[in-house]
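Me: I have a structure to go through with you. Could we take it piece by piece?

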Amino acid sequence: MNVQSIDCTGLNCPLPILRLSKAVKALSPGATVEMIATDPGAQKDVAAWATQTGNELVESREEGGKYRFVVRKAA
Amino acid sequence: MTKLRKRLSAEDRRRLIVHAAIELFAQRGFRDTRVVDIAQKVGTSDALVFQHFPTKRELYDAILDEMCARRHFTEIEELLYYSEGYDLTDILTRLSAWVLEQTDREPAWLRLILYAALEEDDAAPQLMDEHFRRIVDYVGFEITEAQAKGRFRAGDPQRYAREFFAGLLGLATMRTVARDAAFRNDDLRAVAATHVSVFFGGVAGTEGGKASSASPNAQPVSPGTDA
């Protein structure tokens, strides 16, 4: 299954969250999207955003200075 | 001048030193501030300052590190993240007011950033990135979105965003660094609303959103001043 990916490398918050939010709005319920970001603030912001909006943060990890998030849209 | 009491904890003493140093660095820059001046301002000896910060540079770096820590415009970010279809005029007016409030409340903030740039300090690019570019990039994003909807005229969104931010920074500088009476006497929220209104007038699109030399009178914006 193809997972949509958004590259937010080099972007500062609030942009990664705004792009993620826009992408999730366009998804079907249950579908996932991946986001790559470099702003360390994104870690906290994505987690808070997912909790607040009811979407599931399936994965959140750092790899060599890059942060990878996978979010599943609420059903 | 505050005389230090013996019972001050090391942490409190350190905080006093940092506070005094922020004031002096903001007034004179890094180069023209001496450790003895900081010590005098706190009411202690320079030896005690060196106990906490072995070099002037370490003290300055501690301050810049703190400044590099992200400043949240939390209230605005929450509106962005959780509102369905937020109003751009309202958001940019709030953002402008937030920048002006920050600099009005803590003038040292802007002065330190400007001094770091003037003295070509190594920390200057990081400070600019954290405090300035983040706002420019966000505004650029909104302009791109508005252009796609035909609300703003065509053109480089990042350039428009830089113009927006430069105007805002100019206002903040005139209020807090130049301390110009006319600028300072203006109500902060009215200034923010006018700034956004003038900017929107300049980038307003024409019908159909095609590239054009839109008249400044096109789509006049009433930002709804709450001043």
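Me: Which residues does B:Ser96 touch, not counting residues up to four places away in sequence?
Reply: In this predicted model, B:Ser96 touches B:Phe164, B:Leu168, B:Ala192, B:His195 and B:Val196.

Me: And where is B:Ser96 found in chain B?
Reply: B:Ser96 belongs to helix α6 of chain B, which spans residues 88-105.

Me: Does B:Ser96 count as buried or exposed, and why?
Reply: B:Ser96 counts as buried because its relative accessibility is 0%, and the cut-off for buried is under 20%.

Me: Changing topic: what area is buried between chain A and chain B?
Reply: About 1400 Å² is buried between the two chains, with 58% of that area given by carbon and sulfur atoms. On the chain A side, A:Asn12, A:Pro14 and A:Leu18 lose the most area to chain B; together they account for 36% of what that side buries.

Me: How many residues does each chain bring to the contact?
Reply: Chain A brings 17 residues and chain B brings 16 residues.

Me: How many salt bridges are found across that interface?
Reply: The rule finds 1 salt bridge there. A:Lys22 pairs with B:Glu145, and their closest N and O atoms are 2.7 Å apart.

Me: Which elements of chain A give two or more residues to the side that touches chain B?
Reply: Those elements are α1 (15-25) and α2 (41-53) of chain A. The largest share, 7 residues, comes from α2(A).

Me: How do the residues on that side of chain A divide?
Reply: They divide into 7 nonpolar, 5 polar and 5 charged residues.

Technical notes
Residues are numbered from 1 along each chain as its sequence is written. Chains are lettered from A and ligands numbered from 1 in the order in which they are written. This is a predicted model: local features need pLDDT of at least 70, side-chain atom pairs count only at pLDDT 80 or more; totals for chains, interfaces and linings use all residues. Side-chain values use heavy atoms; hydrogens and water are left out. Helices (H or I, at least four residues) and strands (E, at least two) are DSSP runs, numbered from the N terminus. Buried means under 20% relative accessible area, exposed over 50%, partly exposed in between (1.4 Å probe, protein chains only). Contact means heavy atoms within 4.5 Å. Buried area is the accessible area (1.4 Å probe) that two parts lose on being put together, summed over both. A salt bridge is a side-chain nitrogen of Lys or Arg within 4 Å of a carboxyl oxygen of Asp or Glu. Ala, Val, Leu, Ile, Met, Phe, Trp, Tyr, Cys and Pro count as nonpolar, Asp, Glu, Lys and Arg as charged, and the others, Gly among them, as polar.
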